[in-house]
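Here is a short report on a predicted model. Please look over the sequence and the structure before reading on.

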Amino acid sequence: MADWVFNAATEKNITVLTINFMNSRVSPKELEIKPILRQLPRLKETVYKTLKSQNFESDFITDGFMKIKMGKTGYRYLYCKTILIDKYGVEHIGKEYTESVYEGVFKVFRTKKEYSESIKDNFKASNKSILERIKNLFK
């Protein structure tokens with residue numbers, strides 16, 4: 001997930017974001033993309049498993065989010081801090097930790113022109129392969 005967060009935030013020139021894994025929201029909204037959102041149920045499940053293993057009620061934590069800051073320019077890491085809020089409104093703030101980004105730079109968002117070109121290319125490729133398959137039937 002760090003790779004997606006880092007590359008998406010870099011493209012959008014965003015330096016600070018919040019990921020609410022208990023309510024599946026990302027702020028700013030520009031970064032609320034499927035590759036990030038797909039990871040959030042697993043984080044939520046981790047909270048529930050930890051509550052159970054520590055003999056807390058499953059509804060003890062009512063909200064949970066990560067505050068993320070981008071690393072210094074030129075370095076591929078994120079500063080992360082997790083905050084959990086219990087049913088009494090008490091904030092439980094974890095230590096800030098550094099998450100490294102391992103995968104290389106990749107493009108997350110495409111312009112309308114890039115999107116249109118990829119659709120055209122895919123259409124041409126799929127038509128070509130269909131025609132080739134039909135031709136192969138008669139060989």
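## Asn-20 and its contacts

Leaving aside neighbours within four places in sequence, Asn-20 is in contact with Arg-25, Leu-40, Asp-63, Gly-64 and Phe-65. Asn-20 belongs to strand E1. Its relative accessible area is 10%. With buried set at under 20%, Asn-20 is therefore buried.

## Strand E1 and its partners

Strand E1 covers residues 16-20. Of its 5 residues, 4 are buried, so E1 is largely enclosed by the rest of the structure.

E1 pairs with E3 in the antiparallel sense, over 5 bridges. Here Thr-18 stands opposite Lys-67. E1 also pairs with E2, again antiparallel, over 3 bridges. In that pairing Ile-19 faces Val-26. E1 and E2 form a hairpin with 4 residues between them. Ser-24, in the turn, has a positive phi of about 50°.

## Strand E4 and its partners

Strand E3 spans residues 61-70 and strand E4 residues 77-86. The two are antiparallel and share 9 bridges. Asp-63 stands opposite Ile-85 in E4. The hairpin of E3 and E4 has 6 residues between the strands. In this hairpin, Gly-74 takes a positive phi near 95°.

E4 is also joined to E5 (residues 91-93) by 3 bridges, in an antiparallel run. The bridge partner of Ile-83 is Ile-93 in E5. E4 and E5 make a hairpin with 4 residues between them. Gly-89 in the turn has a positive phi of about 85°. A further 4 bridges join E4 to E6 (residues 97-100), also antiparallel. Cys-80 stands opposite Tyr-97 in E6.

## Helix H3

H3 runs over residues 40-53, 14 residues in total. From its first C-alpha to its last it reaches 20 Å, close to the 20 Å expected at 1.5 Å a residue. Just after H3, Asn-55 takes a positive phi of about 60°.

Which residues of H3 are buried? Leu-40, Val-47 and Leu-51 are. Seen down the axis of H3, the buried residues fall within an arc of 35°, so they line one face of the helix. An α-helix has 3.6 residues a turn, so residues three or four places apart point the same way. The buried residues of H3 pack against E1, E2, H2, E3 and E4. On the face turned away from this buried side sit the exposed residues Arg-42, Lys-49 and Lys-52.

## Salt bridges

How many salt bridges does the structure hold? There are 3. Side chains of opposite charge can pair when their charged atoms come close.

Lys-87 forms a salt bridge with Glu-57, with the closest N and O atoms 2.8 Å apart. Lys-87 lies in the loop between E4 and E5, and Glu-57 in the loop between H3 and E3, so the pair ties together parts that are 30 residues apart in sequence. Lys-87 is partly exposed at 35% relative accessible area, and Glu-57 is partly exposed at 42%. Glu-96 and Lys-69 meet at 3.6 Å, N to O. Glu-96 lies in the loop between E5 and E6 and Lys-69 in strand E3, so this pair ties together parts that are 27 residues apart in sequence. Glu-96 is partly exposed, at 40%. Lys-69 is partly exposed, at 40%. Glu-32 and Lys-29 also form a salt bridge, at 3.2 Å, N to O. Glu-32 is partly exposed at 25%, whereas Lys-29 is exposed at 59%.

Definitions and conventions:
Residues numbered from 1 in each chain as written. Predicted model: local features only at pLDDT ≥ 70, side-chain atom pairs only at ≥ 80, totals over all residues. Heavy atoms only, no water. Pairing = 2+ DSSP bridges. Expected span 1.5 Å × (residues − 1). Buried < 20%, exposed > 50% of the residue type's maximum accessible area, 1.4 Å probe, protein only. Arc of directions from axis to C-beta. Contact = heavy atoms within 4.5 Å. Salt bridge = Lys/Arg side-chain N within 4 Å of Asp/Glu carboxyl O.
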